Amino acid sequence: GDSWGYTKNEHFKSARKIINLLTEIVSKNGNLLLGIGPSPEGEFHDTAYHRLAEIGAWMIVNQESIYGTKGDNSIGQQGKMVFTHKNNIVYAIYRSDEGEILPKQIEINNLRINKNAKVKLLGTNQYLKCEVKAGKTVIFIPENLNKSNLNNLAWVIKID
């Protein structure tokens, strides 16, 4: 919401906005504190429970791109994408707009990958084809992934 305590007619941020904020902050080596205040009776707004469930569902699938990662100091934010790193793994986090589907391909500047790199979309078992074109890493997204039940708040591509 817009306050640190309970407000009867609170205006809650969307789960998409919170995930966008979380990924932006983590990509810059920061932490995000989410706070919800209970009413004087110790109850929470139903909307707060719903938002936490939405965020939790996204985190179940994508938590490895958040927990224990380092922010990005080399690739840089690119349009809707921010990046995190863990060991030799890069996580490209594509922050989608409401109703958006996965693009057919994603181009990433400043990313050098091994030709044997394993690239996949978190939440799937399907590896993605990628290649380097004109100095950019291009990742191709199969159309069948848009028909899956992936959470579309933000998609995370794991590049190992």
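**The sheet and its surroundings**

Mentor: Val82 stands opposite Ile93 in β3. Before going further, note that this is a predicted model, in which local features need pLDDT of at least 70 and side-chain atom pairs count only at pLDDT 80 or more, while totals for chains, interfaces and linings use all residues. Residues are numbered from 1 along each chain as its sequence is written, and side-chain values use heavy atoms, with hydrogens and water left out.

The facing residues Val82 and Ile93 belong to the pairing of β2 (residues 81-86) with β3 (residues 89-94), which is antiparallel and has 6 bridges. Here two strands pair if DSSP finds at least two bridges between them. Strands are DSSP runs of E with at least two residues, helices are runs of H or I with at least four, and both are numbered from the N terminus. In general, strands of a sheet pair through backbone hydrogen bonds, either parallel or antiparallel.

The whole sheet is open and has 5 strands, in the order β1-β2-β3-β8-β5, with antiparallel pairing. The edges are β1 (70-71) and β5 (119-121); each has a single partner strand, so one side of each lacks a neighbour in the sheet.

Antiparallel β3 and β8 are joined by 5 bridges, and Tyr94 faces Trp155 of β8. The pairing of β8 with β5 is also antiparallel, over 3 bridges, and there Val119 is opposite Ile159 of β8.

β8 (residues 155-159) is mostly covered, with 5 of its 5 residues buried; buried means under 20% relative accessible area, exposed over 50%, and partly exposed in between, for a 1.4 Å probe and protein chains only. Trp155, Ile157 and Ile159 point one way from the strand, Val156 and Lys158 point the other way, and all are buried.

Glu24 forms a salt bridge with Arg95, with 3.0 Å between the closest N and O atoms. A salt bridge is counted when a side-chain nitrogen of Lys or Arg is within 4 Å of a carboxyl oxygen of Asp or Glu. Both partners are buried: Glu24 has 19% relative accessibility, and Arg95 has a relative accessible area of 10%. Lys28 is linked with Glu24 and Arg95 in a network of salt bridges.

The structure holds 10 salt bridges. One of them joins Glu54 and Arg51, at 3.6 Å between the closest N and O atoms. Both residues are in helix α2 (residues 46-62), 3 residues apart, about one turn of the helix. Arg51 is buried at 18%, whereas Glu54 is partly exposed at 27%. Another salt bridge connects Glu131 with Lys129, where the closest N and O atoms are 3.8 Å apart; Glu131 is partly exposed at 27% and Lys129 is exposed at 55%.

The largest pocket has a volume of about 330 Å³. Its lining comprises 17 residues, with Gly1, Lys13, Ile18, Leu34 and Gly35 nearest the centre. Two or more lining residues come from each of α1 and α2, and α2 gives the largest share, 4 residues. There is 1 cavity of 30 Å³ or more, and the largest cavity contains about 90 Å³ of space. That cavity is lined by 14 residues, of which Gly5, Glu10, Phe12, Ile36 and Gly37 lie nearest its centre. Both come from a 1 Å grid over the protein atoms alone: a cavity is a set of points where a 1.4 Å probe fits but cannot get out, a pocket is an open set with protein on both sides within 12 Å along at least five of seven lines, and lining residues have an atom within 4 Å of a point. Grid points are joined across faces, edges and corners, and a volume is the space filled by probe spheres set on the points.
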